[in-house]
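Subject: Model handover

Hi there,

Here is the structure I promised to pass on. Please have a look at it before reading my notes.

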Amino acid sequence: MNTIQFRTGFPRRPLNHLCFLAWLGSVVLLAISAAPAAAQDWFRTGTGLGVEKARVAVADFAPRSPSAQPLANIFSDVVRGDLEYSGILEVVSKSFYPTQVPSVPSELKHAAWSDPPASAHLVAFGNLAASGNDLAIEAWLYDVRNPSAPAVLGKVYRGEVTDAQIRRFAHQFADEIISRLSGGLPGVASTRIAFVSTRSGNKEIWVMDYDGSTQRPLTSLHSIALTPRWSPDTSRIAFTCYAPAGGFTSAQICIYSLETGKLVTFPRWRGTNSSPSLSPDGSQIMFMSSMHGDPELFVCDPNGGHLKRITYSAGVDTSPAWNPKTGQQVAFVSDRGGIPQLYIMNADGSNAEKLDLADMGYVIDPAWSPNGQLLAFSWRRPDGNYDMYVMDVATRQLVQLTRDAGRNERPSWAPDGRHIVFESTRSGTRQIWTMLADGTQARQLTSQGQNESPNWSSK
Amino acid sequence: MMRSRFSGKAILFCLLASVLLVAACAKKVAPPPPAPPPPPPAPARPTVTLQASSTFIQKGESVTLSWSSTNATQLTLGPGVGTVAPEGSTRVSPEASTTYTITATGPGGSADASARITVAAPPPPPPPAPPAETMEEMFRKNVLDAFFDYDKSDIRPDAREALSRTAQFLRTNAPINVTIEGHCDERGSTEYNLGLGERRAQATKQFLIQLGVAPERMETVSYGKEKPFCTASNEACWQQNRRGHFVPAR
């Protein structure tokens, strides 16, 4: 498989005035207080500045042979789904499309797309050929309101004829479009979500595409696997496993390599070891261990060497989360104050400080946004159920993302900083959902068995 | 034409066979019936007697049944014996009290005689020694779990009592090592509960150390909320799940 970029207009400058404005419009500060001083990058979710989002049409990709028709349909549908999901642009409804569908740029009739009812600003189109096991997709993005302009994007994708490969290419193309139209925002269409599922009878680690497709098991340990966390390079997943040794089973840290499809050798320690979390540079793993008695936080190398204790306080210290931007701060859960609450400390354990909230109640599951400024977490206020909140750590401003919809826990941010994956019981069983970081556009990704503990890959 | 000729032959053959058959039969029935014999004298009515060598036996013993008869052509002794000679004896060993009946049948009619054997239950055997309690049963009876308050790992008064009994057993059964599992109810997070369950297992272990159980005989493991004893969402069930649970080490 390879990708070739060709005939691309405006290679390094913001694509055109309109799209640039649309991008600006999409960078919106969610108003959480009247204080204009809080004007930082908050959630990039809506417009709200009166600037319309870019309207993008995705024409049905033309099959080069009749047998390629279903494959072309998958490609078009996945690109459309990815663009809609991004939240930064508006996908033109298919019912407004002109009947003539271009398969190559010479067939594109700009006005047919830019005029009402489509009123598109940009059109993605192309063709798909499948002969034997060889897949070839040509894909373009054109600014139809500017007929003289060259292609905004032109891509060729070659690979094997498999459903998963076509989806991968569609996600890549969608991410290219999103990155172009947003001025470099990373798309999430190629990302994956690790999670725990009971559907095979035991809790095992599973992985799926960001949109819930191609759900597949990674582990088959037939015991209890919990708390998966991606390594920053997405080559490994660290998790909590129950491993027998010498007739005694205990909770240990397990590390699965997606490259070899096997567990990596990692030391065992006494007591309960759980909740591993990798530092943003991948050089350290922090985890909870009771190897010295009380459950405390420890760090070690990715191979288990250079073990060092980090916390010294009576009670449980767990759920470490490294600040992905700085790598210098760790948010964690501790009940040193009586009940589980959030604390932030330096990565060496110094300067632990409690994140004070107005009410009491359990506060758990800290998750940093990719820009290292926001903490998502789950909070059960004294009178309610677990709901998700996001706090601006610098200002302590707080937004509630879920309410009156079952138990909502375990947030994890997408690398675009605009989406959050979490587990919720709102549908009656525990399932994985995503939503925009302002709490809107909730989407259910799983439905088979009980599914929990999602973790979004960083790329 | 062919068909009717064949049919004609068959009919001819059948006719011939019938004639021959009739002729043969006619030969047999031909002699006249003999004159009926004079009526015999009325046969004597049969008699029968049945005696048991003992009418009261212990279960497992046997008894001899003897009988004699006159004018009988057939004698049936029951239950369970069958046709017998006109005079004789047999040993029976009934399991339970039984009435034996002998029926004599002859040309003059039939006659019965009975003998009841009462079988006493055997004296109760000496009660068997109660099966030795297995170590597993003793463990289950004497090693008691410690239960905890919500989000707490302090040993409560009821847990002190339970653990005192547990310690007593473990002190006197030195070869037994245990795993102490810490469990939690469903309300906390998976990760926090793994820590809390460990705290409960540790608190249980520390209390037993104070009561004289050697620390190296006890391993701790937390299952958090992953292996609940009870799955309903109410306090009675949650209490069942907040515990330090003992499992004999293998």
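Below are my notes on a sheet and some salt bridges.

This is a predicted model, where local features need pLDDT of at least 70, side-chain atom pairs count only at pLDDT 80 or more, and totals for chains, interfaces and linings use all residues. Residues are numbered from 1 along each chain as its sequence is written, chains are lettered from A and ligands numbered from 1 in the order in which they are written, and side-chain values use heavy atoms, with hydrogens and water left out.

Let me begin with the sheet. It is open and antiparallel, with 4 strands in the order S27-S28-S29-S30 of chain A. Strands here are DSSP E runs of at least two residues, numbered from the N terminus, and two of them pair if DSSP finds at least two bridges between them. S27 (408-413) and S30 (443-444) of chain A are the edge strands. Between S27(A) and S28(A) (residues 419-424) there are 4 bridges; Asn408(A) has Ser424(A) as its bridge partner.

Now the salt bridges (a side-chain nitrogen of Lys or Arg within 4 Å of a carboxyl oxygen of Asp or Glu). Glu409(A) forms one with Arg407(A) at 2.6 Å and another with Arg430(A) at 3.2 Å. The latter pair links S27 of chain A to the loop between S28 and S29, 21 residues apart. Both Glu409(A) and Arg430(A) are buried, meaning under 20% relative accessible area with a 1.4 Å probe, protein chains only. Arg407(A), Glu409(A), Arg410(A), Glu423(A) and Arg430(A) are linked in a salt-bridge network.

Best wishes

Notes:
Buried < 20%, exposed > 50% of the residue type's maximum accessible area, 1.4 Å probe, protein only.
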